[in-house]
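Please look through the sequence and the structure shown here before reading the briefing that follows.

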Amino acid sequence: MTLLCGRYEGFDERIVEHLASDTISIGPYVLAGGELAAMVLLDAVIRKLPGALGHADSAVEESFSEALEGGPEYPHYTRPAVWRGHSVPEVLLSGDHARIRDWRRDQSRERASRRR
C-alpha cells in the first residue's frame, strides 16, 4: 500500500483518476497536508493487527465496537477514587460486574444519543 499525501490543494486530478485505486477521507475538515491523515489511517489499521495492542481482548469494548453496539466508549476513571472533590461513580467501586457492565452500556448509549 502506498499513501499519497497532498499539500494544500491536493493532487492533479489525473493522478486521482488514472493512478489511484482508492481515495480516503478521515472526516469533513481541511488539513494543510495529508501527512496527519495518513498517520490516523495507519494507526487505525495497525491496531487491528494481531498483537498490536498486546492482548486480543483490549479492543473488544472500545468506541464503535460490536460490544458497544457501534456507540462511543464509556467514561474511564483511575485512582484516587476522589480527586479535587469529584468522585468515581459508586457503581464502579461496587465490585458488581453485572451492574458495571450495564452502567458502561448505558453510558455508551447516552454518549451516542448526545452526538446525534
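**Surface, shape and one residue**

The chain exposes about 9,600 Å², of which carbon and sulfur atoms supply 54%, with accessible areas taken from the Shrake-Rupley method with a 1.4 Å probe, where for residues only the protein chains shown count as cover. This is a predicted model, in which local features need pLDDT of at least 70 and side-chain atom pairs count only at pLDDT 80 or more, while totals for chains, interfaces and linings use all residues. Residues are numbered from 1 along each chain as its sequence is written, and side-chain values use heavy atoms, with hydrogens and water left out.

Overall form

- The radius of gyration of the chain is 20 Å, whereas a compact globule of 116 residues would have one near 13 Å (taken over C-alpha atoms, the globule rule being 2.2 Å times the number of residues to the power 0.38).
- Along the principal axes, the C-alpha atoms of the chain fill a box of roughly 60 × 30 × 25 Å.

Secondary structure

- The chain has four helices and two strands (DSSP runs numbered from the N terminus, helices being H or I with at least four residues and strands E with at least two), and from the N terminus on these elements run α-α-β-β-α-α.

Burial and Arg105

- Of the 116 residues in the chain, 17% are buried (buried means under 20% relative accessible area, exposed over 50%, and partly exposed in between, with a 1.4 Å probe and protein chains only).
- Arg105, which is found in helix 4 (residues 97-115), is partly exposed, with a relative accessible area of 27%.
- Arg105 and Val82 lie 23 residues apart in sequence and 23 Å apart in space, C-alpha to C-alpha.
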